Amino acid sequence: MFLTNGPAGMPNWIEVLASAVGHRGRPLHQKPAKAESQPWQNEVVMSPRMRQRIRLIAGVWLGWTIVGLFYIIQETVPRLYRGGAVPWKYVFAGWMTGVYVCAALTPALLWLGNRWPIERRVTYAALHLCFSVIFSILASVTEVPILLLLGVFPALPPPPSIAAGVRIMLGFGIQGGVIRYWAVIALHAVYRSQKNAKAREREAFELKVQASELAQQLATAQLSSLKMQLQPHFLFNTLGAIMVLIQQHKTAQAEGMVEKLADLLRLTLDDVEAQEVPLWRELEFLRLYLSIEQARFEDRLRVRIAPTALSEVLVPHMVLQPIVENAVRHGLGQSEEVVTIEVVAASSNGSLNLIVSDDGPGLLSPRPGRSGIGLTNTRNRLARLYGDNAHLVIEQAAGRGVRVTITLPIRTVPPKGSRCD
């Protein structure tokens, strides 16, 4: 009846056993056609909750077995040392009966410890003191009939009744039951405290990871915002130049600039999500931008981009465009002469130096004044990406013109398949 009509939610053990040996609507010798039900049966028989309970029961009984062996050794070693006889039946059966009764009552002790944890309130200690006395009495009441049944009651002559045996056991063993109760409660409190500490450490680590991810997302959003400000900045300037050419009836030049602007926008959209690109990619973008400026200023603008062996080093996307744009605007806008813009990439002391120089009229004052949106955003992006490892310096060139040096840490292109963002 118990095996077939168990409580709701429990497996039908007859069906499980029958399925395990191969008898479920077929002869025992017949092999099953399909094993579709076996995973379900394994999950029922050995669910995670059941495995946890089995580990708990095994741990409790193993722990109390060790305690019982400790008591047995404590009693037998002195007798053996003095050369006395050891009543093994009384010693072994008596102590193991007592500890296994405690093992059977341990789940109730664990429930009491969880219900009224002593580390949470001091007043719970008084409550557990009462429970410990009740536990000792209940353990003695359970232990006495078992000892009488086994014939190993530790008193001669044996008591005539269970009540007399309980009085004898409580007379010299009530304090032992109280001590065992408090040992279980204390060990459970230590385990619970360590478990809570690990949970708090795990939560703190998860919060730290979330904060780090949020900070990274914020930094990425700020970088993207700075970069998005640069894109319409040069776009509007280029559209303004095209408008001037149209007003001057230079249709062919305007059409050429529109075509190059389309190529420039296409190249920009390819790297719209990237914060860093290889240097060769940045120089490709820069050459396309300068071709538009050369179409505007015709023979008045000359460009020289020095070849470099550092083409795979990562640089911020569009880091050179606002620098070159300033050189074009201030160099050609304040002079009627031919201006040469030179871009050089070199390494020095483990850093990459991007140098943009022109031979225009130079700085109007020894100290540069307020920077425009291009230089301001470039400085902010460098600070966000590299911190104190990146610098932007504007200075008067040796002869004439302006020299801008961007210093970056050398970072190589990541392996193929990863993103440069």
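**Entry 1: the largest pocket**

I noted which elements supply at least two residues each to the lining of the largest pocket: helix H3 (48–82), helix H4 (88–115) and helix H6 (162–247). The model is a predicted one, so I keep that in mind for every value below.

I then looked up the volume. The largest pocket holds about 1000 Å³ of space. Its lining has 29 residues, and the closest to the centre are Leu56, Val60, Thr106, Leu110 and His188.

Which helix gives the most to this lining? I found H3, with 12 residues.

I sorted the lining by class. It has 18 nonpolar residues, six polar and five charged.

**Entry 2: the largest cavity**

I started from the general idea that rolling a probe the size of a water molecule over the atoms shows where empty space is left. The count came to one cavity of 30 Å³ or more. The largest cavity has about 40 Å³ of space.

I listed what lines the largest cavity: Leu279, Leu283, Ile305, Ala306, Thr308, Leu320, Val343, Val344, Ala345 and Leu354. Helix H8 (279–297) and strand S4 (339–348) are the elements that give two or more residues to this lining. S4 gives the most, with three.

How does the lining divide by class? I got nine nonpolar residues, one polar and no charged ones.

**Entry 3: a nonpolar patch**

I turned to the surface. Val133, Ile137 and Val141 form a nonpolar patch there. Together they have about 190 Å² of accessible area.

I took Val141 as one member to check. Helix H5 (residues 123–150) contains Val141. Is Val141 buried, partly exposed or exposed? The relative accessible area of Val141 is 37%, so I logged this residue as partly exposed.

I looked up Gly63 next. Gly63 sits in helix H3. I logged Gly63 as partly exposed because its relative accessibility is 30%.

I also checked the spacing to Ala103. Gly63 and Ala103 are 40 residues apart along the chain. Their C-alpha atoms are separated by 8.5 Å.

**Entry 4: positive phi**

Most residues other than glycine have a negative phi.

I found His249 with phi near 60 degrees, a positive value in a residue other than glycine. Where is His249? I placed His249 in the loop between H6 and helix H7 (251–270). The relative accessible area of His249 is 70%, so I marked this residue as exposed.

I found Asn349 as well, with a positive phi near 55 degrees. Asn349 lies in the loop between S4 and strand S5 (351–358). Asn349 is exposed because its relative accessible area is 79%, and exposed means over 50%.

**Entry 5: salt bridges**

Side chains of opposite charge can pair when their charged atoms come close.

How many salt bridges does a search of the whole structure find? I counted eight. I wrote up some of them.

Arg411 lies in the segment after strand S7 (402–409) and Glu276 in strand S1 (residues 276–278), so the pair ties together parts that are 135 residues apart in sequence. Arg411 is partly exposed, with a relative accessible area of 34%. Glu276 is at 5%, and buried means under 20%, so I logged Glu276 as buried.

I took Arg304 and Glu342 as another pair. The closest N and O atoms of this salt bridge are 3.6 Å apart. The pair links distant parts of the chain, with Arg304 in strand S2 (residues 301–305) and Glu342 in strand S4, 38 residues apart. Arg304 counts as partly exposed, at 44% relative accessibility. Glu342 is partly exposed too, with a relative accessible area of 26%.

Arg403 is partly exposed at 32% relative accessibility. Glu395 is partly exposed at 33%.

Note on methods: Residues numbered from 1 in each chain as written. Predicted model: local features only at pLDDT ≥ 70, side-chain atom pairs only at ≥ 80, totals over all residues. Heavy atoms only, no water. 1 Å grid on protein atoms, 1.4 Å probe; cavity = no way out; pocket = protein on both sides within 12 Å on 5 of 7 lines; lining within 4 Å. Points joined across faces, edges and corners; volume = space filled by probe spheres on them. Helix = DSSP H or I, 4+ residues; strand = E, 2+ residues; numbered from the N terminus. Nonpolar A, V, L, I, M, F, W, Y, C, P; charged D, E, K, R; others polar. Patch = residues over 30% accessible without salt bridge, like charges linked within 9 Å, V, L, I, M, F, W, Y side chains within 5 Å. Areas by Shrake-Rupley, 256 points an atom, 1.4 Å probe, with all protein chains shown as cover. Salt bridge = Lys/Arg side-chain N within 4 Å of Asp/Glu carboxyl O. Buried < 20%, exposed > 50% of the residue type's maximum accessible area, 1.4 Å probe, protein only.
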